[in-house]
Amino acid sequence: LCLQVPELEKATVRIRRPERVRQIIQSLREQGVAKLQVISDFDMTLSRFGCNGRRCPTSHNILDTSRVISEDGKKKLKDLLHYYYPIEIDPNRTLEEKRPLMVEWWTRAHELLVQQKIHKGDIAQIVRESEVMLRYGHEDFFDQLHKNNIPLFIFSAGVGDILEEIIRQANVFYSNVNVVSNYMDFNDDGVLTHFKGPLIHTYNKNNTVLQGTGYFQQLSTRTSIILLGDSMGDLTMADGVPSVENILKIGFLNDKVEEQRGKYLDSYDIVLESDETLDVVNGILRYILIE
């Protein structure tokens with residue numbers, strides 16, 4: 001496999017069932033470009049988890065810590081993060097336990113953001129002033145998909161308006177990119193009044209929030225999938241695809257690596273530990289796309 005995709009020799013790569021992964025990648029290549037689609041999470045998957053020992057912000061963090069949020073608002077949002085984030089990544093809690101708590105967290109955070117009277121016109125500047133970074137190799141990733149007309153579906157529990165602005169400022173918001181996320185709703189004066197439904201959080205990224213979008217139905221011939229995520233909740237992102245023939249699940253393990261390794265290796269075909277690049281994904285794409 002490493003002969004075909006040398007990037008898989010990187011020290012950050014872990015694979016529990018190499019033979020199975022080899023077969024999936026081979027099948028993806030044989031099925032060809034016309035059948036391929038990529039489904040990806042955004043925060044900490046396409047964007048970086050850290051840089052020089054510091055955490056990079058998620059799309060929610062970018063807003064939460066920006067100049068348009070009052071000091072009191074910042075404190076309250078931070079308190080929510082400190083309370084709920086450990087629950088989100090707690091390996092000992094079941095998804096059933098986590099789901100209602102995630103709804104509670106997102107709902108409370110969104111209510112706090114609405115109170116801040118955020119202006120639509122400030123979003124571009126907020127993103128520009130933030131420390132957000134897309135992973136190394138993102139240009140290559142977006143370009144390869146665009147040139148080959150491969151749909152990229154970004155399924156995010158973050159803030160859609162912020163996320164789109166990040167991609168736009170990176171000059172990679174191509175016509176093949178489709179985003180489903182939590183979008184803000186602004187009034188005629190451009191002031192945030194609420195978030196549009198349905199609410200998407202870490203653990204409901206599946207058909208329940210895609211009803212009515214019909215996105216995957218339009219792509220019913222795209223039965224080969226590369227799925228990219230960084231949490232257990234991302235594993236269900238392809239649930240709406242009508243008939244999956246091949247799916248390769250690549251997981252970025254960013255945090256609590258030792259504790260979570262076993263679970264990630266059970267669930268993802270390829271696990272990338274503390275890897276801030278898209279090298280492996282790009283290598284696999286190159287191999288699949290070679291004539």
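Buried means under 20% relative accessible area, exposed means over 50%, and partly exposed is in between, worked out with a 1.4 Å probe on protein chains only. Everything below comes from a predicted model, where local features need pLDDT of at least 70, side-chain atom pairs count only at pLDDT 80 or more, and totals for chains, interfaces and linings use all residues. Residues are numbered from 1 along each chain as its sequence is written, and side-chain values use heavy atoms, with hydrogens and water left out.

**View 1. Val-13 in strand β1.**
Val-13 counts as buried because its relative accessibility is 14%. Val-13 sits in β1, which covers residues 13–14; strands here are DSSP runs of E with at least two residues, helices are runs of H or I with at least four residues, and both are numbered from the N terminus. What does Val-13 touch, leaving aside neighbours within four places in sequence? Its partners are Glu-7, Leu-8, Ile-270, Val-271, Leu-272 and Val-280, where contact means heavy atoms within 4.5 Å.

The side chain of Lys-10 makes polar contacts with the side chain of Asp-275 at 3.2 Å and with the side chain of Thr-277 at 3.1 Å.

Asp-275 touches Lys-10, Thr-12, Arg-135 and Phe-252. Thr-277 has contacts with Lys-10, Arg-135, Tyr-136 and Phe-252. Arg-48 is 229 residues from Thr-277 in sequence, yet their C-alpha atoms are 8.0 Å apart in space.

**View 2. Helix α1 against helix α11.**
Two packed helices are described by the angle between their axes and the distance between the axes. Here α1 (residues 18–31) and α11 pack at about 45°, and their axes are 8 Å apart. That angle makes α1 oblique to α11: under 35 degrees would be roughly parallel, over 145 roughly antiparallel, 65 to 115 roughly perpendicular, and the rest is oblique. The axes are lines fitted to C-alpha atoms, for helices over the stretch in contact, and angles run from 0 to 180 degrees between N-to-C directions.

Which residues meet where α1 packs on α11? From α1 come Ile-25, Gln-26, Leu-28 and Arg-29, and from α11 come Ile-284, Tyr-287 and Ile-288. By class, this contact has five nonpolar residues, one polar and one charged.

**View 3. Ser-156 in strand β5.**
Ser-156 is part of β5, residues 152–159. Is Ser-156 buried or exposed? Ser-156 counts as buried, because its relative accessibility is 0%. Its side chain reaches the backbone nitrogen of Gly-158 at 2.8 Å. Ser-156 also touches several residues beyond four places away in sequence, among them Phe-42, Asp-43, Val-180 and Lys-205.

**View 4. The cis peptide bond at Gly-197 and Pro-198.**
Gly-197 and Pro-198 are joined by a cis peptide bond, with omega about -10°. Gly-197 lies in the loop between β8 (192–195) and α8 (207–210), and Pro-198 is in the loop between β8 and α8. Gly-197 is exposed because its relative accessible area is 65%.

Asn-149 is not a glycine, yet its phi is positive, about 55°. Asn-149 is in the loop between α6 (138–147) and β5, and is exposed because its relative accessible area is 57%. Lys-256, also not a glycine, has a positive phi of about 50°. Lys-256 is in the loop between β10 (246–253) and α10 (257–267), and counts as partly exposed because its relative accessibility is 40%.

Key:
Polar contact = N/O pair within 3.5 Å; in protein donor to acceptor, adjacent residues only side chain to side chain. Nonpolar A, V, L, I, M, F, W, Y, C, P; charged D, E, K, R; others polar.
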